[in-house]
Each structure stands twice: as structure tokens, then as C-alpha cells.
Amino acid sequence: MCLITQLTPKQNKRKTITIMSSSLLLSFLIALLLAAAVCTHGQVLPPPVTDTDGNIVRVNERYIIQPVNTGINGGGLIPVAAILPSCPLGITEAFPGESGVLVRIAFPPWLIPPILPLTIVRTNTDMTIEFQSNICNRISKFWEVDEFAQNPNQPEILIGGNQRRRNSWFRIERAGKEAQTNIYKFTTSAGTVGTISGALDSPQLVLTNDVDKTIFVKFIRDVSTVVTSTSRVEK
């Protein structure tokens with residue numbers, strides 16, 4: 001048995017208004033997305049960051065950040081706590097031959113990334129950097145500039161930051177003169193990340209305006225979980 005319900009003129013008018021409102025909202029959202037896409041395509045986007053193999057660095061993938069002055073077998077970056085028994089928050093270079101601690105690079109949570117593509121890490125764009133490590137579990141692993149440093153001219157780069165705060169936002173800039181270089185430096189609005197002598201005379205990351213102290217790095221993609229025929233042959 002089929003029941004046919006006939007809408008009253010008042011109900012019909014209300015339904016028509018609802019449909020029109022939904023259509024207008026949908027049209028507005030589509031127009032907004034198209035406008036954003038046009039703006040994105042109308043601009044010259046910053047070049048992408050590339051790893052040591054020349055592949056584009058992408059958000060949420062894992063990389064080892066290795067200072068270029070340590071050579072091929074040099075160490076990556078690690079929390080100071082990887083060396084000392086206590087849990088200081090500084091960041092330093094690992095000993096030669098050590099791989100360092102993996103990091104994850106991502107957009108700040110509320111920052112709207114470029115629409116297309118979403119996953120590319122580009123130079124001169126605000127990013128967060130997070131150690132992928134079990135060390136110092138009571139704090140976050142996000143990098144930050146120490147706002148309460150004893151030396152305000154060279155504040156330390158620490159872990160324990162908040163990805164929603166600007167002192168945990170860094171930019172990756174090309175450091176080489178060649179267009180295809182994969183060597184970079186980290187900057188903020190207050191200065192450039194460099195190194196000074198830290199614990200056990202190892203280079204300690206700080207924010208500085210001294211060009212001679214700038215640290216230059218390269219990104220090595222984590223392939224520990226990727227098994228290929230090539231890697232098996234090399235082993």
C-alpha cells in the first residue's frame with residue numbers, strides 16, 4: 001500500500017527555501033575552492049624541498065636530517081638526552097656513523113596549506129619539525145626556539161614545543177647557489193639556525209644571526225621499512 005502525502009503550500013514553500021539555501025551554500029563553497037585554486041595557480045609556488053636522492057620531501061614521511069659538514073658517514077641530529085643520562089631538551093649532532101633520530105615534517109595545524117598538492121614540503125613555508133623518538137616521553141618532540149634563553153641573541157633550539165605556536169615554526173631555505181641543490185638551512189622570523197659548542201663539545205643547535213655559525217643540512221628519507229630488489233642486491 002502506497003501513501004501519498006501532499007505538502008501544503010506553506011510546507012512546499014519552506015522546502016523550496018531549504019533547497020535554495022543548500023544550493024547557494026554549495027555554490028558558495030565551490031566558488032571559494034575555485035578561487036583558492038586560481039590564486040594558487042596564479043602564484044609562482046616556492047620550489048619543493050628535495051632529499052639526497054632528488055625526490056620531493058613530503059609531509060608526514062620520515063627523514064633523517066644530516067648536517068653536510070659531517071660527510072657521508074656523519075651523524076644526524078639527535079636530542080642531547082641521547083648522549084647524557086638526564087633529559088635536557090637541546091638538539092645536537094650525533095657521533096659519526098650514527099644515523100641520528102628520524103623527524104616528521106608537517107604544516108602547523110591551523111595553517112592552510114596549498115590546495116594542490118597537499119603533501120609537498122616547499123621552501124620558505126612555515127613547517128613544524130618533530131623527532132620520531134621515544135626519548136623524554138613526558139614532553140612533546142616538536143622543535144622550538146627557547147623563549148626564555150639566558151642568551152637572547154643565541155637562544156637554543158629545544159624539543160618540547162607546541163606545534164600551534166610560532167616559536168615552533170621553521171622554514172626550510174635553499175643554501176646552495178645551484179638551482180637543483182639539495183642542501184638547506186632552517187630559518188625563522190628571528191634568525192637562522194646555527195651551531196655553537198655544546199655538551200661534550202658537540203655542536204648545539206641555536207638561533208643566530210651569525211652567518212658563520214649557520215648549519216647546512218640535507219634530508220635522507222627513511223627507507224628502513226621499504227624493501228626493494230635493489231636494496232637486497234646492495235646488501
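User: Where do I start with this chain, and what pattern does it follow along the sequence?

Analyst: Reading along the sequence, you get α-β-β-β-β-β-β-β-β-β-β-β-β-α. That makes 2 helices and 12 strands. Keep in mind that this is a predicted model.

User: What share of the chain counts as buried?

Analyst: Of its 235 residues, 34% count as buried. For contacts with a separation of 6 or more, 55% come from residues 24 or more positions apart.

User: Let's do aromatics. How is a pair of aromatic rings described?

Analyst: You give the distance of the centres and the angle of the planes. Here, a search of the whole structure turns up 5 aromatic pairs. Take Phe131 and Trp143: their rings sit 5.6 Å centre to centre with 50° between the planes, a tilted pair. The two residues belong to distant parts of the chain, with Phe131 in strand β5 (residues 128-131) and Trp143 in strand β6 (residues 143-145), 12 residues apart.

User: Are those two residues buried or exposed?

Analyst: Phe131 has a relative accessible area of 2% and Trp143 has 1%. The cut-off for buried is under 20%, so Phe131 is buried, and so is Trp143.

User: Which pair does Trp143 form with Phe170?

Analyst: An edge-to-face one: 6.0 Å centre to centre and 85° between the planes. Again distant parts of the chain are linked, since Phe170 lies in the loop between β7 (157-159) and β8 (171-174), 27 residues from Trp143 in strand β6. Phe170 counts as buried too, at 1% relative accessibility.

User: Which residues do the ring pairs link into a cluster?

Analyst: Phe131, Trp143, Phe170, Tyr184, Phe186 and Phe219. Now look at the largest nonpolar core, which has 31 residues. Ile65, Trp143, Ile157, Phe186 and Phe219 touch the most other members.

User: What does Phe186 touch?

Analyst: Leaving out residues up to four places away in sequence, Phe186 touches Ile65, Ile129, Trp143, Arg171, Ile172, Thr192, Val193, Val217 and Phe219.

User: One more residue: where is Leu158, and what does it touch?

Analyst: Leu158 is in strand β7. Its relative accessible area is 8%, so Leu158 falls under the 20% cut-off and is buried. Not counting residues up to four places away in sequence, Leu158 touches Leu89, Gly90, Ile91, Phe142, Trp143, Glu144 and Asp146. Pro79 is worth a look as well: its C-alpha atom is separated from that of Leu158 by 8.1 Å, although the two are 79 residues apart along the chain.

Note on methods
Residues are numbered from 1 along each chain as its sequence is written. This is a predicted model: local features need pLDDT of at least 70, side-chain atom pairs count only at pLDDT 80 or more; totals for chains, interfaces and linings use all residues. Side-chain values use heavy atoms; hydrogens and water are left out. Rings of Phe, Tyr and Trp (its six-membered ring) pair if their centres lie within 6.5 Å; planes under 30 degrees apart count as stacked, over 60 as edge-to-face and the rest as tilted. Helices (H or I, at least four residues) and strands (E, at least two) are DSSP runs, numbered from the N terminus. Buried means under 20% relative accessible area, exposed over 50%, partly exposed in between (1.4 Å probe, protein chains only). A nonpolar core is a set of buried Ala, Val, Leu, Ile, Met, Phe, Trp, Tyr and Cys residues joined through side-chain atoms within 4.5 Å. Contact means heavy atoms within 4.5 Å.
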